[in-house]
Amino acid sequence: MRPAPGALLVVLLCGSGCGPEERARMPAQQEAFAVVRQELGRLFAEEMLHEPDVRWWTKPCPGTQISAVVLGPRCYAGLYYRPGGVDVAWRGSIGQSAYAHELMHYFLDQAGLGSDPGHARTAYWQLVERIDLQLQQQGL
Ligand SMILES: [Zn+2]
(Lines give C-alpha, C1' and ligand atoms only; values in the text may rest on other atoms or scores of the structure.)
Protein backbone atom coordinates (compact mmCIF):
# COMPACT_ATOMS: atom_id res chain seq x y z
CA MET A 1 0.00 0.00 0.00
CA ARG A 2 1.29 3.45 -0.83
CA PRO A 3 1.74 5.76 2.14
CA ALA A 4 -0.32 8.93 2.12
CA PRO A 5 1.63 11.91 0.72
CA GLY A 6 1.53 13.64 4.11
CA ALA A 7 3.06 10.65 5.88
CA LEU A 8 5.84 10.46 3.31
CA LEU A 9 6.68 14.11 3.86
CA VAL A 10 7.00 13.58 7.60
CA VAL A 11 9.35 10.66 7.04
CA LEU A 12 11.52 12.74 4.73
CA LEU A 13 11.68 15.68 7.12
CA CYS A 14 12.29 13.66 10.25
CA GLY A 15 14.21 10.71 8.85
CA SER A 16 17.56 11.78 10.25
CA GLY A 17 17.26 15.16 11.85
CA CYS A 18 14.60 15.35 14.52
CA GLY A 19 13.13 13.48 17.43
CA PRO A 20 14.78 12.21 20.58
CA GLU A 21 17.85 10.02 20.41
CA GLU A 22 17.13 6.32 20.49
CA ARG A 23 18.98 5.76 23.75
CA ALA A 24 16.32 4.76 26.23
CA ARG A 25 18.02 5.41 29.53
CA MET A 26 20.97 7.45 30.71
CA PRO A 27 23.72 6.08 32.91
CA ALA A 28 22.82 6.48 36.59
CA GLN A 29 19.18 7.10 35.78
CA GLN A 30 18.10 4.36 38.15
CA GLU A 31 20.12 5.88 40.99
CA ALA A 32 18.79 9.33 40.14
CA PHE A 33 15.21 8.14 40.20
CA ALA A 34 15.80 6.54 43.60
CA VAL A 35 16.79 9.99 44.92
CA VAL A 36 13.77 11.64 43.28
CA ARG A 37 11.47 8.94 44.60
CA GLN A 38 12.73 9.29 48.16
CA GLU A 39 12.30 13.07 48.12
CA LEU A 40 8.91 13.06 46.41
CA GLY A 41 7.76 10.50 48.96
CA ARG A 42 7.30 13.49 51.27
CA LEU A 43 4.54 14.83 49.01
CA PHE A 44 3.05 11.89 47.16
CA ALA A 45 1.87 8.41 48.03
CA GLU A 46 4.79 6.06 47.56
CA GLU A 47 2.80 3.56 45.49
CA MET A 48 2.28 6.13 42.71
CA LEU A 49 5.98 6.96 42.40
CA HIS A 50 6.92 4.82 39.42
CA GLU A 51 9.24 6.31 36.85
CA PRO A 52 7.36 7.04 33.62
CA ASP A 53 8.87 6.80 30.15
CA VAL A 54 11.65 9.40 29.83
CA ARG A 55 12.73 10.53 26.36
CA TRP A 56 16.19 12.10 26.34
CA TRP A 57 16.95 14.70 23.68
CA THR A 58 20.63 15.18 22.95
CA LYS A 59 20.71 17.26 19.77
CA PRO A 60 21.07 21.03 19.90
CA CYS A 61 18.29 23.50 19.45
CA PRO A 62 18.73 24.64 15.82
CA GLY A 63 21.07 27.62 15.64
CA THR A 64 22.54 27.00 19.10
CA GLN A 65 24.96 24.65 20.84
CA ILE A 66 22.50 23.79 23.60
CA SER A 67 20.59 20.53 23.59
CA ALA A 68 16.85 20.86 23.69
CA VAL A 69 13.50 19.21 23.31
CA VAL A 70 12.59 20.55 19.89
CA LEU A 71 8.90 20.78 19.08
CA GLY A 72 8.07 22.66 15.93
CA PRO A 73 9.77 26.05 16.07
CA ARG A 74 10.38 25.99 19.81
CA CYS A 75 13.08 24.56 22.05
CA TYR A 76 12.62 23.48 25.65
CA ALA A 77 14.84 22.27 28.49
CA GLY A 78 12.14 19.72 29.14
CA LEU A 79 8.49 19.15 28.53
CA TYR A 80 5.60 17.26 30.00
CA TYR A 81 3.02 17.16 27.26
CA ARG A 82 2.13 13.51 26.70
CA PRO A 83 0.23 11.21 29.07
CA GLY A 84 2.77 8.42 29.42
CA GLY A 85 5.96 10.26 30.19
CA VAL A 86 8.27 13.23 29.98
CA ASP A 87 10.79 14.63 27.50
CA VAL A 88 14.07 16.02 28.82
CA ALA A 89 17.07 17.67 27.14
CA TRP A 90 20.31 16.05 28.26
CA ARG A 91 22.56 18.73 29.77
CA GLY A 92 25.56 16.64 30.74
CA SER A 93 24.16 15.07 33.90
CA ILE A 94 20.73 14.23 35.25
CA GLY A 95 21.04 16.84 38.02
CA GLN A 96 21.75 19.55 35.42
CA SER A 97 18.86 18.45 33.23
CA ALA A 98 15.17 19.13 33.81
CA TYR A 99 14.58 15.52 34.85
CA ALA A 100 13.29 16.13 38.40
CA HIS A 101 11.41 19.20 37.14
CA GLU A 102 9.47 17.34 34.46
CA LEU A 103 8.83 14.42 36.79
CA MET A 104 7.29 16.90 39.24
CA HIS A 105 4.88 18.11 36.53
CA TYR A 106 4.08 14.49 35.77
CA PHE A 107 3.48 13.38 39.37
CA LEU A 108 1.44 16.49 40.22
CA ASP A 109 -0.80 15.58 37.31
CA GLN A 110 -0.91 11.92 38.36
CA ALA A 111 -1.93 13.00 41.86
CA GLY A 112 -4.89 14.91 40.44
CA LEU A 113 -3.46 18.33 41.29
CA GLY A 114 -2.96 19.46 37.68
CA SER A 115 0.49 19.62 36.14
CA ASP A 116 1.04 23.21 37.42
CA PRO A 117 2.51 24.60 34.17
CA GLY A 118 2.81 28.06 35.78
CA HIS A 119 4.80 26.71 38.76
CA ALA A 120 2.35 28.24 41.23
CA ARG A 121 2.90 25.56 43.89
CA THR A 122 6.09 27.12 45.19
CA ALA A 123 6.94 24.51 47.81
CA TYR A 124 6.92 21.76 45.19
CA TRP A 125 9.30 23.65 42.90
CA GLN A 126 11.62 24.52 45.77
CA LEU A 127 11.83 20.81 46.45
CA VAL A 128 12.79 20.26 42.79
CA GLU A 129 15.68 22.70 43.22
CA ARG A 130 16.85 20.84 46.32
CA ILE A 131 16.61 17.50 44.50
CA ASP A 132 18.68 18.84 41.60
CA LEU A 133 21.37 20.06 44.02
CA GLN A 134 21.35 16.71 45.77
CA LEU A 135 21.74 14.88 42.43
CA GLN A 136 24.62 17.17 41.47
CA GLN A 137 26.32 16.66 44.83
CA GLN A 138 26.07 12.90 44.32
CA GLY A 139 27.61 13.19 40.87
CA LEU A 140 24.38 12.14 39.17
ZN1 LIG B 1 8.00 23.50 34.40
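**Entry 1: the packing of helix H3**

I looked up what the buried residues of H3 pack against, and found helix H2 (29-40), E4, E5 and helix H4 (122-137). The model is a predicted one, in which local features need pLDDT of at least 70, side-chain atom pairs count only at pLDDT 80 or more, and totals for chains, interfaces and linings use all residues. I number residues from 1 along each chain as its sequence is written. Helices (H or I, at least four residues) and strands (E, at least two) are DSSP runs, numbered from the N terminus.

I then checked how far H3 is covered: 10 of its 12 residues are buried. A residue is buried if 20 or more other C-beta atoms lie within 10 Å of its own, exposed if 12 or fewer, and partly exposed in between, with C-beta atoms placed from the backbone. The buried residues of H3 are Tyr99, Ala100, His101, Glu102, Leu103, Met104, His105, Tyr106, Phe107 and Leu108.

The 12 residues should span 16 Å, and the end C-alpha atoms of H3 are 16 Å apart, so the two agree. After H3 comes Gly112, with a positive phi near 85°.

**Entry 2: the protein as a whole**

I counted 4 helices and 5 strands in the protein. Their order from the N terminus is α-α-β-β-β-β-β-α-α. Of the 140 residues of the protein, 27% count as buried. I also looked at contacts between residues at least 6 apart in sequence, and 55% of these join residues at least 24 apart.

**Entry 3**

Which order do the strands of the open sheet take? I read E1-E5-E4 for its 3 strands, with mixed pairing. Strand E1 (53-57) and strand E4 (78-82) are the edge strands, each with a single partner, so one side of each has no neighbour in the sheet. Neighbouring strands of this sheet are turned by 20° against each other on average, direction ignored. Strands count as paired if DSSP finds at least two bridges between them.

I followed E4 and strand E5 (residues 85-89), which run antiparallel and are joined by 3 bridges. The two form a hairpin with 2 residues between them. Within this pair, Leu79 stands opposite Asp87, and Arg82 has Gly85 as its bridge partner. Helix H3 (residues 99-110) lies across E4 and E5, at about 25° to E4.

**Entry 4: two helix pairs**

Two packed helices are described by the angle between their axes and the distance between the axes. The axes I used are lines fitted to C-alpha atoms, for helices over the stretch in contact, and angles run from 0 to 180 degrees between N-to-C directions.

For H3 and H4, the axes come within 9 Å and cross at roughly 145°. I noted this crossing as right-handed; a crossing is left-handed if the near helix is turned anticlockwise from the far one by less than a right angle, and right-handed if clockwise. Here Ala100, His101, Met104 and Leu108 of H3 meet Tyr124, Val128, Ile131 and Asp132 of H4. The contact residues divide into 6 nonpolar, 1 polar and 1 charged. In this division Ala, Val, Leu, Ile, Met, Phe, Trp, Tyr, Cys and Pro count as nonpolar, Asp, Glu, Lys and Arg as charged, and the others, Gly among them, as polar.

For H2 and H4, I found an angle of about 145° and axes 10 Å apart. H2 passes H4 in a right-handed crossing. Ala32, Val35, Val36 and Glu39 in H2 meet Leu127, Ile131, Gln134 and Leu135 in H4. The residues of this contact divide into 6 nonpolar, 1 polar and 1 charged.

**Entry 5: single residues**

I looked for residues other than glycine with positive phi, and noted Ala28, with phi near 70°. Ala28 is in the loop between helix H1 (5-14) and H2. Ala28 counts as partly exposed because it has 16 C-beta neighbours inside 10 Å.

His119, not a glycine either, has a positive phi of about 55°. His119 is in the loop between H3 and H4. Is His119 buried or exposed? I found it exposed, with 12 other C-beta atoms within 10 Å.

Lastly I looked up Glu31, in helix H2. The C-alpha atoms of Glu31 and Leu140 are separated by 7.8 Å, although the two residues are 109 residues apart along the chain.

How values were computed
Two residues are in contact if their C-beta atoms, placed from the backbone, lie within 7 Å. The expected span of a helix is 1.5 Å times one less than its number of residues.
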